[in-house]
Amino acid sequence: SLSHHENWQRMWRTPTPKPLYDVIIVGGGGHGLATAYYLAKEFGVTNVAVVEKGWLGGGNTARNTTIVRSNYLWDESAQLYEHAMKLWEGLSQDLNYNVMYSPRGVYNLCHTLQDMRDAERRVSANRLNGIDGELLDTRQVETEIPYLDCSKHTRYPIMGATVQRRGGVARHDAVAWGYARGADALGVDLLQNTEVIGFRKQDGVVIGVETTKGFIGAKRVGVVTAGNSGHMAKLAGFRLPIESHPLQALVSEPIKPIIDSVIMSNAVHGYISQSDKGDLVIGAGIDGYNGYGQRGSYPTIEHTLQAIVEMFPVLSRVRMNRQWGGIVDTSPDACPIISKTPVPNLFFNCGWGTGGFKATPGSGHVFAASLAKGEMHPLAKPFAIERFHTGALIDEHGAAAVAH
Ligand SMILES: Cc1cc2nc3c(=O)[nH]c(=O)nc-3n(C[C@H](O)[C@H](O)[C@H](O)COP(=O)(O)OP(=O)(O)OC[C@H]3O[C@@H](n4cnc5c(N)ncnc54)[C@H](O)[C@@H]3O)c2cc1C
Ligand SMILES: CSCC(=O)[O-]
């Protein structure tokens, strides 16, 4: 009956915008909501608004394949993603909201000698950074992933794999809703269906945002708009080295439990896990063209499923239920941009490309610290926009899992 639905209390308010906030976060995705939550909870900045053009968590947060891990190669990125992993481990308790973090193990398959050498290097680098990682041979992989075709007859024989056992999956909707509820309870205004259409400046300094519901003043503005970040930078009057591409995912009909970890192959070029409902959650690389359509092309879908059946022939008759796409903001070195901008009081956190969901807590925490202080957090410093001028890139294409 409807009656029991009527008593459900709302998880957050729908406030009228105030004329002025200390901080405005543009973009109500996981990263934006996490930023607002930590601003209020950890840094005592509660006069904050999150301005979201659609509904909270409706962008890439709602559309990703939920993989979390921190097994990146370079110290700067490994430490940033590991900061996020440590926050994942206590997030359900912190938010009092079950974000369903499940450390079921993330395997990156190796198909060539070079893959094995790169894997050995990456696991060693992980261990030097205090991040768990193991290098397995074919026999160990075959034992741990029963239905994976480890025979010698495949196009890309499996020579081994890295595994991060603390890696796994988390529930994307719950993360957004948990952070939103927590931020709202601390006094943050969540303004949905409010699109930012411009930045107002006074003597070149940002003093607020123009929105579809009028001007809202702010002492500092943090832009966390993922695939739309290039467009936002243009509105602010500068350019970003970001390309927005479709990235697709598929889920199958629900089947009995058959895969209890996350398996990724850069060479065969696909990855798979199985949700608690039994759906196979599948993805691969981006569509090569630039696009904002939140869908992709059929050749990519076909290529993805070829890769999955190559790895798991047993799945060749499973039917796909749904396919969708998001808009991923890829950067030249497959690393984020968490940075001041050429416009004073305007900060950007973007460029997470195909792999920013796993960073959500760490990204929000680091960006909140930066906005509270007006200076970039030490973990954010290597990811400044300037690196594209100085050449101090941090190339993580190898660890980006599905090379794009
Ligand atoms: C199919 C797919 C699979 C993925 N799989 C993984 C994975 O397994 N693991 C992983 O780590 N990462 C994954 N990612 C990447 C990850 O989803 C993103 O990097 C991350 O979610 C981006 O940060 P966000 O959550 O804040 O973005 P979003 O959720 O996209 O938030 C940005 C928000 O900004 C809003 N916005 C945009 N423009 C404006 C404006 N002008 N005014 C106001 N609001 C605006 C949007 O509406 C949106 O809600 C995947 C992405 C896709 C698309
Ligand atoms: C979309 S790829 C997921 C990841 O980066 O582990």
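**Exercise 1. State how much space lies in the second largest cavity, and work out which residues line it and how they divide by type.**

Solution. About 40 Å³ of space lies in the second largest cavity of this predicted model, where a cavity is a set of points, on a 1 Å grid over the protein atoms alone, at which a 1.4 Å probe fits but cannot get out. Grid points are joined across faces, edges and corners, and a volume is the space filled by probe spheres set on the points. The lining, meaning residues with an atom within 4 Å of a point, consists of His111, Asp149, Thr154, Tyr156, Ile158, Val268, Glu310 and Met311. Counting Ala, Val, Leu, Ile, Met, Phe, Trp, Tyr, Cys and Pro as nonpolar, Asp, Glu, Lys and Arg as charged, and the others, Gly among them, as polar, one finds 4 nonpolar, 2 polar and 2 charged residues in this lining. By this rule the count comes to 3 cavities of 30 Å³ or more.

As to conventions, residues are numbered from 1 along each chain as its sequence is written, and chains are lettered from A and ligands numbered from 1 in the order in which they are written. Local features need pLDDT of at least 70 and side-chain atom pairs count only at pLDDT 80 or more, while totals for chains, interfaces and linings use all residues, and side-chain values use heavy atoms, with hydrogens and water left out.

**Exercise 2. Describe the second largest pocket by its volume, its lining and the elements that contribute to that lining.**

Solution. A pocket is an open set of points with protein on both sides within 12 Å along at least five of seven lines, and the second largest pocket holds about 440 Å³ of space. Its lining comprises 21 residues, of which Thr66, Arg171, His172, Ser275 and Val281 lie nearest the centre. Two or more residues each come from α7 (172–185), β14 (270–274) and β16, helices (H or I, at least four residues) and strands (E, at least two) being DSSP runs numbered from the N terminus. By type, the lining divides into 7 nonpolar, 7 polar and 7 charged residues.

**Exercise 3. Find the buried residues of helix α8 and explain why they lie on the same side of α8.**

Solution. In α8 (residues 229–236), Ser229, Met232, Ala233 and Ala236 are buried, that is, under 20% relative accessible area with a 1.4 Å probe, protein chains only. They lie on the same side of α8 because they cover an arc of only 100 degrees around the axis, the arc being that of the directions from the helix axis to the C-beta atoms. These buried residues pack against β1 (20–26), β9 (196–202), β11 (214–223), β16 (320–330) and β18 (346–350). Just after α8, Gly237 takes a positive phi of about 95 degrees.

Notes:
Buried < 20%, exposed > 50% of the residue type's maximum accessible area, 1.4 Å probe, protein only. Contact = heavy atoms within 4.5 Å.
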